[in-house]
Protein chains: 2
Amino acid sequence: MAGNSKNTGGTPPKKKLARSPLAPARFPSVAPVAGVRLAGRAVGLKKHKGVKDLMVAAFAPGTTAAGVLTRSKCPSAPVEWCRTILPRGRARALVVNSGNANAFTGNAGDLQVAQTAAEAAHLFGCRAQDVFLASTGVIGEPRAPDYIAGKLPQMKRALGEKSWKSAAEAIMTTDTFPKAASRKVKIGKAEVTLSGFAKGSGMIAPDMATMLAFVFTDAKIPAKVLQRLVRTAADDSFNAITVDSDTSTSDTVLLFATGQAKGQPRIASAGDSALADFKAALKDIFVDLAQQIVRDGEGAQKFVTINVTGAESKRAARTVGLAIANSPLVKTAIAGEDPNWGRIVMAVGKAGEKADRDRLSIGIGDTRITENGQLVAGYDEAPVAAYMKGDEITIDVDLGIGRGRGTVWTCDLTHGYITINADYRS
Amino acid sequence: MAGNSKNTGGTPPKKKLARSPLAPARFPSVAPVAGVRLAGRAVGLKKHKGVKDLMVAAFAPGTTAAGVLTRSKCPSAPVEWCRTILPRGRARALVVNSGNANAFTGNAGDLQVAQTAAEAAHLFGCRAQDVFLASTGVIGEPRAPDYIAGKLPQMKRALGEKSWKSAAEAIMTTDTFPKAASRKVKIGKAEVTLSGFAKGSGMIAPDMATMLAFVFTDAKIPAKVLQRLVRTAADDSFNAITVDSDTSTSDTVLLFATGQAKGQPRIASAGDSALADFKAALKDIFVDLAQQIVRDGEGAQKFVTINVTGAESKRAARTVGLAIANSPLVKTAIAGEDPNWGRIVMAVGKAGEKADRDRLSIGIGDTRITENGQLVAGYDEAPVAAYMKGDEITIDVDLGIGRGRGTVWTCDLTHGYITINADYRS
């Protein structure tokens with residue numbers, strides 16, 4: 001991480017964190033995307049020599065862009081920049097650094113953004129407004145305007161079609177493994193590719209972690225359509241995960257479409273039936289990346305799926321699911337392998353959505369625990385306690401009110417979380 | 001705690017918790033209140049013999065009542081009962097048990113409530129609707145209808161004017177010390193007394209903890225006026241504290257006025273100028289009890305005051321304060337004695353209230369860290385880091401937007417919290 005600890009608003013952990021026990025066995029195979037070249041390199045932004053800290057992707061002319069950005073009222077300078085240029089819907093480059101978040105950096109932060117975009121525009125022969133930016137790392141430490149810009153020429157020389165793992169590694173902070181996913185799908189008779197990568201572990205420690213996700217496709221999709229697709233897919237994926245309820249100053253999800261796929265039918269609207277498989281694949285890759293972020297949750301020992309059904313609406317189901325997922329008491333019960341359904345009742349009650357004590361049904365794994373507001377006759381806790389010793393936990397909650405449903409993913413709250421976030425100071 | 005662990009939704013800690021390091025040195029002196037007799041006894045509701053588990057207070061005829069109840073959508077049976085009878089505004093008795101929350105107990109819970117109120121009405125010569133009830137303890141374990149009612153005759157015989165400490169102890173669950181406060185104040189020329197007690201440590205673990213507070217006064221105040229006073233005072237006290245953001249099924253704050261004070265002028269409205277000192281004392285005693293609850297927060301090592309100024313409104317200031325107080329990242333930073341102001345920026349940003357990065361000022365203790373969105377020139381972290389080793393931490397946040405202000409109290413998030421809530425299972 002960058003800088004001394006005097007004015008960082010936080011000192012990074014002294015030692016490398018162990019790989020999450022919930023991490024996938026290996027980095028996935030990621031298919032190249034026509035019209036995308038990328039690089040991830042160690043250019044000296046981070047203190048530790050040789051640790052990758054800068055990612056650049058260059059796109060073919062005609063690439064469209066869409067995205068969703070943090071709702072934080074104190075967003076980083078790159079987030080404000082992306083918000084400004086997103087309505088144009090055009091992209092030729094993406095520059096992402098780790099080590100410094102360029103958040104709470106005032107005018108200096110805006111200057112750095114301007115110079116980075118200008119230099120990338122110069123190198124890639126485009127306008128500054130075609131250059132998307134994201135930063136993750138220490139908050140509140142302004143850098144010189146050429147902090148990133150000065151590194152871009154060497155990044156341009158390193159660009160290649162296969163550098164997905166390096167790219168995924170270059171945006172990591174407290175992440176313990178690089179996160180990527182790839183899918184192939186048809187639009188009409190044309191095969192198109194979706195490939196992407198993400199980061200995030202604490203959700204979200206602004207001085208070290210942040211949720212970033214970038215997905216690239218060779219499909220040809222107008223920016224307005226792309227924006228609708230990304231918003232819908234993000235809602236059921238990145239907006240359905242939580243590690244600790246905190247929201248970063250820098251959360252950024254971007255989708256780029258190069259239009260290089262051959263023989264693809266023209267797409268005019270998000271409702272086009274030719275997009276059905278593409279939409280499913282986009283949601284699938286978003287969910288895959290989002291779940292990998294949860295699996296790297298700080299201190300996580302268990303991956304938790306919370307299915308809420310019978311809610312008044314889809315929105316209500318999500319709210320109830322997040323109330324359960326964010327409850328420290330539920331999360332510590334899961335860490336303690338305690339089938340403490342009373343805490344689930346509490347979390348449902350505090351969500352503020354319509355609920356009826358006498359209709360509430362709760363299950364853990366394959367066991368129904370309560371039905372219609374009463375403990376199931378003959379309920380035996382022993383098999384549920386045994387189930388909770390596993391590292392994949394599913395909780396089902398039926399509110400019995402309506403037809404709204406939703407799924408939320410989270411992890412448990414362990415001593416590891418406290419250690420990472422409280423104990424690392426010397 | 002009551003019952004076997006098979007269907008409790010949670011097993012209580014095996015060993016007695018150590019007294020909180022933030023506890024007051026001793027139980028305060030509590031003045032009797034004319035028209036109030038009370039008792040706290042061990043009657044065998046809790047498993048461990050000799051641990052107090054039932055509190056009864058009896059009131060003089062003419063006593064008025066007011067209160068605020070949990071906003072949980074899955075409230076306990078006693079909460080639903082209190083909500084039903086509160087509009088009458090009359091009280092002759094209060095019955096509170098610990099060990100079983102009578103929450104998520106369906107019809108059985110309602111039956112138990114009915115029988116308790118009926119038996120108390122019989123004993124005290126009043127209507128069932130004059131009997132207020134509260135329960136705290138294990139959730140989801142129905143009890144026989146006479147679970148409490150059968151113990152009331154012996155409680156009646158034990159009533160006395162000075163049993164404040166026993167009463168405060170009888171409503172404890174995971175609390176590590178009994179909480180009480182007392183004030184004397186004038187209404188006109190009449191001296192009146194306010195005395196009360198409270199419980200709560202996890203805020204709120206429904207299977208063991210819950211926030212309960214009961215305050216008694218000999219002032220003569222109509223129920224409608226009393227209700228306005230209690231709502232206002234609760235807003236700046238019990239609604240301004242948080243330990244872990246969780247909301248109990250059973251949270252209950254009740255205020256009883258016996259009207260036994262001599263020579264008090266008649267009060268017709270909450271705006272009566274004769275009430276000024278009484279209102280201040282009521283808020284003061286509520287804040288005192290609320291802060292004691294925070295000081296007994298599960299695993300708490302530090303008491304944290306968060307002052308928010310310059311917000312768009314009072315409500316916005318409260319929201320921002322609670323966002324900071326509930327942030328696991330802020331709370332773990334405080335536990336780690338880390339002046340991590342970047343996490344405070346994050347929490348302000350996620351609160352969703354109007355904020356402007358370039359106007360935000362943050363201070364910890366006596367040190368201004370940022371002003372108008374920039375790190376203060378020459379900021380030195382060393383004295384702030386030293387300050388954070390203390391056990392009373394004050395954080396000041398000025399949003400620079402408007403004139404709204406508010407204060408929130410919380411504690412840090414430590415390994416102790418995880419240990420209490422996750423690790424106790426055998």
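**Reading the fold and its details**

Reader: Which share of the contacts in chain A with a separation of 6 or more comes from residues 24 or more positions apart?

Author: It is 81%, where two residues are in contact if their C-beta atoms, placed from the backbone, lie within 7 Å. This is a predicted model, in which local features need pLDDT of at least 70 and side-chain atom pairs count only at pLDDT 80 or more, while totals for chains, interfaces and linings use all residues. Residues are numbered from 1 along each chain as its sequence is written, and chains are lettered from A and ligands numbered from 1 in the order in which they are written.

Reader: What radius of gyration does chain A have, with its 426 residues?

Author: Taken over C-alpha atoms, the rule for a globule is 2.2 Å times the number of residues to the power 0.38. That puts a compact globule of 426 residues near 22 Å, and chain A agrees because its own value is 22 Å. The C-alpha trace spans about 70 × 60 × 35 Å along its principal axes.

Reader: How many helices and strands does chain A hold?

Author: Helices are DSSP runs of H or I with at least four residues, and strands are runs of E with at least two, numbered from the N terminus. Chain A has eleven helices and 16 strands.

Reader: Is strand β4 of chain B enclosed or open?

Author: A residue is buried if 20 or more other C-beta atoms, placed from the backbone, lie within 10 Å of its own, exposed if 12 or fewer, and partly exposed in between. In β4(B), residues 93–100, eight of the eight residues are buried, so the strand is largely enclosed by the rest of the structure.

Reader: Which strands pair with β4(B)?

Author: Pairing takes at least two DSSP bridges between two strands. Strand β2(B), residues 54–59, runs antiparallel to β4(B) with five bridges; there, Ala58(B) is partnered by Ala93(B). On β5(B), residues 131–138, the pairing with β4(B) is parallel, over eight bridges. From β4(B) the chain passes through helix α2(B), residues 106–124, to β5(B) in a right-handed β-α-β crossover.

Conventions. Right-handed = clockwise from strand over helix to strand, strands pointing away.
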